[in-house]
Amino acid sequence: MLVLAIETTCDETAAAVITGELEVRSSVVASQDKLHERFGGVVPEIAARAHVERILPVVDDALRRAGIGAADLDAIAVANTPGLAGSLLIGLTAAKTLSAALQIPLVAVNHLHAHIYACRIDSRQDVFPCVGLVVSGGHTSLYQCLSPLEFQQLGGTIDDAAGEAFDKVANMLGLSYPGGPAISRVAEKGERDAYALPRSFLKDDSRLDFSFSGLKTAVRYELVGPGKPDFRQLELSEKKVADLAASFQEAVVDCLVEKSILALRKTGLGTFCVGGGVAANQRLRERLAEAMQALDVTLHLAPLKLCTDNAVMGALAVERLRAGLVEDLDLDIYPGLVRQ
Ligand code: KG4
Ligand code: ZN
């Protein structure tokens, strides 16, 4: 079985060809980072227009690299929730068109579930049932994942996503976009306890939710505020940037690790999977490895190349296809709603 997966939920235009045995035949990701860099974040209209220009070349490239033609495909998978409306629409329209023209099934993929599913693609180990954590630019959510088809959300961020906080704090510190890799790079030279930054919902709080906007504001007040210059006059020493980056990163990691431990205790599950762009963070990977070892929980981290957005993780469609979960051509997008 050969599946073409399409991913355009945010600012990456991606396509991949995957077999029914989860073998990756090709994976193409056209990043838009350069287009959004000067704005310090993704501009939805620019993202949608770039998807329009790139989707067909990216699909062609994925087929060419896999050494197949469109007629060899058995199904088309597409991420249709959640994401930016304009971006989602481009991927869905391309997928529907291919499905109709080739007369092969259309399979819908939930982008967040796919981030967790990325953990089993290289290893091909069965990771279910597990607790899953998705930490990305748009989401920070904990799931009880009973099977590849049953994801129950346990909690999520009530404001900013972890990745969004990395991007915004990087911007305040004058670092490049996307902020996650930039912060983790400079944080290596900084002291993690140089600044006492807040960790929301950690003290005597059994919620499985996150909040990162207060942390973001706390960083801002370390830089500007009453008696401190505004951003235009800021002159930051290398040490201050490194210390703030390291302290901020540690605060985010503390929240992610503690709530993950709580989710494992509450569910009693013995396997933990982590995916999404922020899962590429080395400090988070290190701290999770320590925590899971202490808990005797099996940890599956998404491989680095499958943490940020890609179409390979759309291999989740293979599971849906086997269960007969195919869609009609009236399939819609669900930008904010997790439908499945
Ligand atoms: O999963 P993703 O590619 O897109 C969404 O679905 O949102 O995640 C992108 C996010 C960005 O906010 C980026 O700053 C963050 O992942 N990120 C990182 C790292 N690499 C990417 N955050 C922390 N440390 C990293 N090494
Ligand atoms: Zn994502």
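I began with the term pocket, which on a 1 Å grid over the protein atoms alone is an open set of points with protein on both sides within 12 Å along at least five of seven lines. A molecule sits in a pocket if more than half of its atoms lie within 2 Å of its grid points, and by that criterion I found ligand 1 in the largest pocket.

I noted that this is a predicted model, in which local features need pLDDT of at least 70 and side-chain atom pairs count only at pLDDT 80 or more, while totals for chains, interfaces and linings use all residues. Residues are numbered from 1 along each chain as written, chains are lettered from A and ligands numbered from 1 in the order written, and side-chain values use heavy atoms, without hydrogens and water.

Next I looked up the shell: 21 residues surround ligand 1 (a heavy atom within 4 Å), with Gly137, Asp167, Gly180, Gly277 and Asp309 the closest. By class I read 6 nonpolar, 13 polar (Gly counts here) and 2 charged residues.

For the helices (DSSP runs of H or I, at least four residues), I recorded that α4 (111–117), α5 (162–172) and α6 (179–187) each supply at least two shell residues, and that α6 gives the most, with 4.

I then checked polar contacts (N or O pairs within 3.5 Å). Oxygen atoms of ligand 1 lie 3.1 Å from a polar backbone atom of Gly138 and 2.9 Å from a backbone N or O atom of Asp309, whereas a nitrogen atom of ligand 1 is 3.0 Å from a polar side-chain atom of Asn281. The protein covers 90% of the 560 Å² of accessible area (Shrake-Rupley, 1.4 Å probe) that ligand 1 has on its own.

Definitions and conventions: Polar contact = N/O pair within 3.5 Å; in protein donor to acceptor, adjacent residues only side chain to side chain. 1 Å grid on protein atoms, 1.4 Å probe; cavity = no way out; pocket = protein on both sides within 12 Å on 5 of 7 lines; lining within 4 Å.
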